[in-house]
Amino acid sequence: MLQSFERTRLWQRTLAECENDLVSRERAALRHAYLQFRETVEPLAGEISQSMPMFTDHSINHIDALWDVASIICGDDVELNPAESFVLGGSFLMHDIGMGLVAYPGGIDELRKDPSFEDTYLTIISRLEKEEEKIDDALKEQAQEEALVAILRSRHAKRAERLIGELFQLPNRQGFYLLQDAQLRQAYGPLIGSIAHSHWWDADQLPIKFGQIRGSLADYPAEWQVDPLKIACILRLADAAHIDSRRAPTFLHAFRNPVGPSREHWDFQQRLMRPRRVGDRLEYTSTDHFTSEQAGAWWLAYETIKMIDNELRRVDALCADIGRTRFAARSVAGADSPARFAKYVPTDEWEPIDASLRVSNVPSLVATLGGRALYGSENIAPLRELIANAADATRARQIMHGGSDAVVNVILQQDDAEGESFTLEVRDQGIGMDSGTLVAALTDFGRSFWQSGDMVAQYPGLLAKGYRSTGRFGIGFYAVFMAAEDVTVRSLKYFDPPDQTYVLEFRKGLQARPVLRNAELDEQLRFGGTVISAKLKKNPLDVEEGILWDYELGDLEKTLTVSEVLRLRIARLCALADVDIAVQGPADASPVRVVRANDWKFLSNTELYDRLHPSEFEQVHRMGSSRERTRSLFATYAQPILDSSGETIGRAMVDADPMDVSTDLMHNYYVRYSGASVYVGGFEANNLRGLVGVMTGEPIRADRSEAYPYANHTDLARWIGTQRELIALCNEKSLGSLPAASVARYFNDPADHLSCGTLQIGSLALANMEEWASNLDQIVLADSTAAMVFGQDDGKCKIVSYWNGQEIELPNNVLLTEQYIESYVPIQPRFDYSSDPDSTILFQWMEGQHWYFYSKWAVMSTPRYIFKAISKAWGVPIAEVLNNAHTRGYGATGEAEFELRTKSGDIGGRARALVINRPQGARCERFEVEDAFGTIRAT
């Protein structure tokens with residue numbers, strides 16, 4: 001009985017027995033060799049399901065079906081002789097064999113040694129970290145399995161090329177080959193392997209690799225020449241087009257029970273009928289309608305149909321262009337429209353309207369999301385993003401190829417005597433880019449090369465060696481168009497000769513297509529790296545729009561040169577860079593290194609402070625401590641912040657000045673030029689209150705305006721212990737004592753002697769909170785951001801409405817408190833407060849309330865200690881204090897805001913507030929606490 005493939009037109013016309021066959025001996029030799037070849041490969045193909053159980057069928061059934069699909073695609077015009085048919089059949093047999101673990105003598109251990117395995121695993125872990133709250137052992141095992149599958153899939157085609165020539169051994173040590181005929185294996189084995197590999201290539205590579213027709217074997221008919229290009233085209237088209245139910249049999253589907261994306265592949269393929277050719281188009285029909293629950297599978301079918309249609313059209317264009325016979329099937333019916341495809345593969349009571357996200361005006365979107373709308377008034381953002389990209393490329397080169405003398409140069413040239421035309425240039429000696437990478441990396445908005453599979457393929461082992469990019473969102477380069485329209489990028493891939501330098505030109509910003517060309521002789525780079533040149537629209541110090549201007553500068557641009565401002569701003573912007581940074585302004589004869597790689601870890605406290613807060617900027621800071629006093633405190637009290645391994649991930653002190661208790665003290669919104677910054681990849685992101693110094697971290701937002709420090713709660717709780725001496729020197733009236741206390745208390749140092757808020761008579765030390773609360777039947781905790789608090793010579797306070805400037809007089813039961821701990825230290829992950837029953841009750845109660853705090857975590861700072869003091873003063877549990885509290889100031893959902901009155905009784909402002917009444921009589925049971933670590937629910 002004939003096998004299914006032996007009944008196909010291709011087989012019957014080439015390798016089947018024929019009557020009156022003048023070449024029956026040669027034909028029979030090829031036929032028997034193929035059948036033996038198939039018999040040997042069959043068990044190997046069956047093993048693929050063991051390695052990839054979720055994938056659709058790759059067994060011998062799929063291989064046999066390719067003869068049928070190829071027959072449909074070829075039609076009658078494409079002729080194959082028996083030798084070509086044998087090579088085609090051999091490529092059918094070999095093309096997927098590399099997907100099975102049995103194809104690798106070393107098994108899983110061999111795959112784990114693949115240079116890309118660790119990178120692939122880390123990429124999957126990175127994805128899971130975004131999807132899951134916690135990466136446990138089960139998820140790590142899942143990532144390992146996904147990585148193995150990914151490596152098998154990426155290597156299988158290349159592996160297929162080698163397998164046909166490998167000697168396998170039986171248990172008795174007898175060796176054998178997959179193709180046992182030695183003459184055919186020597187003549188056609190390498191070609192079969194190469195064609196099998198080619199189904200994974202881009203179609204444009206086929207004529208380059210397979211343009212030469214091969215002659216026949218000496219003892220075979222002369223006309224049995226082999227056209228590798230034709231065979232490679234048939235293989236890729238047949239493999240792509242085989243998506244019918246033979247690929248996903250119903251019973252096999254039930255046995256494997258695939259999940260996730262694999263399930264949708266199975267769901268649609270098991271419903272598709274064998275394709276037929278109508279004219280020059282393939283038609284796919286289905287056995288049943290797709291319900292709305294199966295919409296995902298239907299859309300995947302449509303996307304697959306479009307893929308097949310694209311392959312058919314590309315191969316057809318290729319054959320037409322080079323004068324080869326064109327295949328009978330040249331497109332797929334319904335591929336151009338979901339509605340038309342639904343006529344062949346119908347839906348059930350839902351309309352296949354393509355509502356997928358699309359962008360009509362790409363330049364407008366890029367300009368909006370990658371420019372001013374994203375970065376706002378952060379004028380220096382384009383410069384930061386260009387330097388960060390250059391540092392990423394430099395670090396990649398150092399890790400891949402070694403060497404340490406790699407500098408990122410920032411060059412600002414003045415192009416005219418009037419000082420109105422400037423060119424910014426950022427140069428690196430990094431990994432460089434070839435033409436394909438240059439275009440893909442800089443024209444695909446939102447796609448980060450460093451997070452892509454292309455990066456893993458080009459630079460296997462880079463992630464495993466510890467590489468982490470600063471750029472993560474694929475949008476940083478576009479920030480340059482905030483400051484320039486004429487932008488030129490030159491790049492040379494490391495180790496490539498200079499004549500491989502490519503240039504990408506943006507001549508009209510984002511309003512015209514960029515131009516890619518080979519570099520002219522005088523544009524060529526001698527060594528690997530990238531140079532970005534941008535003609536600035538404005539003078540760098542132009543008020544509001546200059547790339548170096550900032551409100552912090554005030555009038556300094558009138559007294560400092562462009563070169564001086566460039567040096568000072570870059571030094572601070574790149575203060576924690578792990579590559580060398582050099583700058584050259586218009587007045588500089590040569591570049592000057594302002595940052596050495598990771599030198600911030602070794603600078604003295606004074607040197608680090610001067611980099612962050614240069615003395616040249618001192619004149620713009622008029623309120624708060626003098627720069628010299630803060631600098632002196634930082635020199636004495638700043639301490640490294642260490643992670644659990646002892647690695648330095650920051651250096652800071654609490655932002656408190658024990659010597660400054662002056663009468664211009666503002667407890668809110670006071671201006672200081674110290675502060676601490678979180679640096680992402682070595683570059684300044686956002687500023688933190690309550691600290692002075694630097695911390696390394698990772699971005700929360702694409703514009704880096706918010707970032708999480710790498711330091712977790714445990715790291716900072718350990719560090720706060722180094723700040724106790726400074727905290728002890730302060731009192732409740734010291735400048736910065738409120739934010740300093742908030743930071744300390746968040747990390748479990750109560751700082752009793754420091755303020756917990758402001759009364760009309762002045763600051764209230766936490767140590768005095770219990771005594772104050774014990775004499776009151778009602779306490780109002782008002783949001784301090786509604787008013788500004790100034791100290792006075794008599795020790796009292798002057799409280800002024802933030803909204804209208806009127807002086808406020810607080811009742812004696814009102815305490816203004818600060819709660820915005822997020823602006824001090826946005827920690828991730830958070831501390832586990834379950835070890836403290838009172839804190840657990842507070843936090844869980846707050847999660848269910850419309851509270852006046854900006855962050856639910858704020859309750860774990862000063863408010864935690866306030867509630868503990870009230871609880872102790874009134875002699876009731878914290879849960880009962882909460883039962884008798886209600887909020888003010890949540891619009892239609894709650895009571896009106898608490899009114900702040902002037903001395904004359906007029907309304908001087910309003911504040912969100914929490915009003916707490918002393919419990920009367922028996923314990924109130926409006927809240928029930930299950931246990932010390934349980935939940936709190938309304939009853």
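**Helix 23 and its neighbours**

Okay, let's start with helix 23: its buried residues pack against helix 22, strand 14 (639–642), strand 15 (648–654), strand 18 (691–699) and helix 25 (724–729). Keep in mind that this is a predicted model.

So which residues of helix 23 are buried? They are Arg627, Thr630, Leu633, Phe634 and Tyr637. If you're wondering about the spacing, an α-helix has 3.6 residues a turn, so residues three or four places apart point the same way.

Now let's take one of those neighbours, helix 22. When two helices pack, we describe them by the angle between their axes and the distance between the axes. Here, helix 22 covers residues 605–612 and helix 23 covers residues 627–637, and they pack at an angle of about 140° with their axes 8 Å apart. That angle makes helix 22 oblique to helix 23, since roughly antiparallel would take an angle over 145 degrees. As for handedness, helix 22 and helix 23 make a right-handed crossing.

Who actually touches whom? On the helix 22 side we have Asn605, Thr606, Leu608, Tyr609 and Asp610, and they meet Arg627, Thr630, Arg631, Phe634 and Ala635 of helix 23. Sort that contact by class and you get four nonpolar, three polar and three charged residues. Arg627, Thr630 and Phe634 turn up here in the contact with helix 22, and they are also among the buried residues of helix 23.

Most residues other than glycine have a negative phi. Asn598 has a positive one, near 60°.

Let me finish by zooming out. The protein chain has 30 helices and 32 strands. It runs to 939 residues, and 54% of them count as buried. And if you take the contacts between residues at least 6 apart in sequence, 68% of them join residues at least 24 apart.

How values were computed:
Residues are numbered from 1 along each chain as its sequence is written. This is a predicted model: local features need pLDDT of at least 70, side-chain atom pairs count only at pLDDT 80 or more; totals for chains, interfaces and linings use all residues. Side-chain values use heavy atoms; hydrogens and water are left out. Axes are lines fitted to C-alpha atoms, for helices over the stretch in contact, and angles run from 0 to 180 degrees between N-to-C directions. Helices (H or I, at least four residues) and strands (E, at least two) are DSSP runs, numbered from the N terminus. Angles under 35 degrees count as roughly parallel, over 145 as roughly antiparallel, 65 to 115 as roughly perpendicular and the rest as oblique. A crossing is left-handed if the near helix is turned anticlockwise from the far one by less than a right angle, and right-handed if clockwise. Contact means heavy atoms within 4.5 Å. Ala, Val, Leu, Ile, Met, Phe, Trp, Tyr, Cys and Pro count as nonpolar, Asp, Glu, Lys and Arg as charged, and the others, Gly among them, as polar. Buried means under 20% relative accessible area, exposed over 50%, partly exposed in between (1.4 Å probe, protein chains only).
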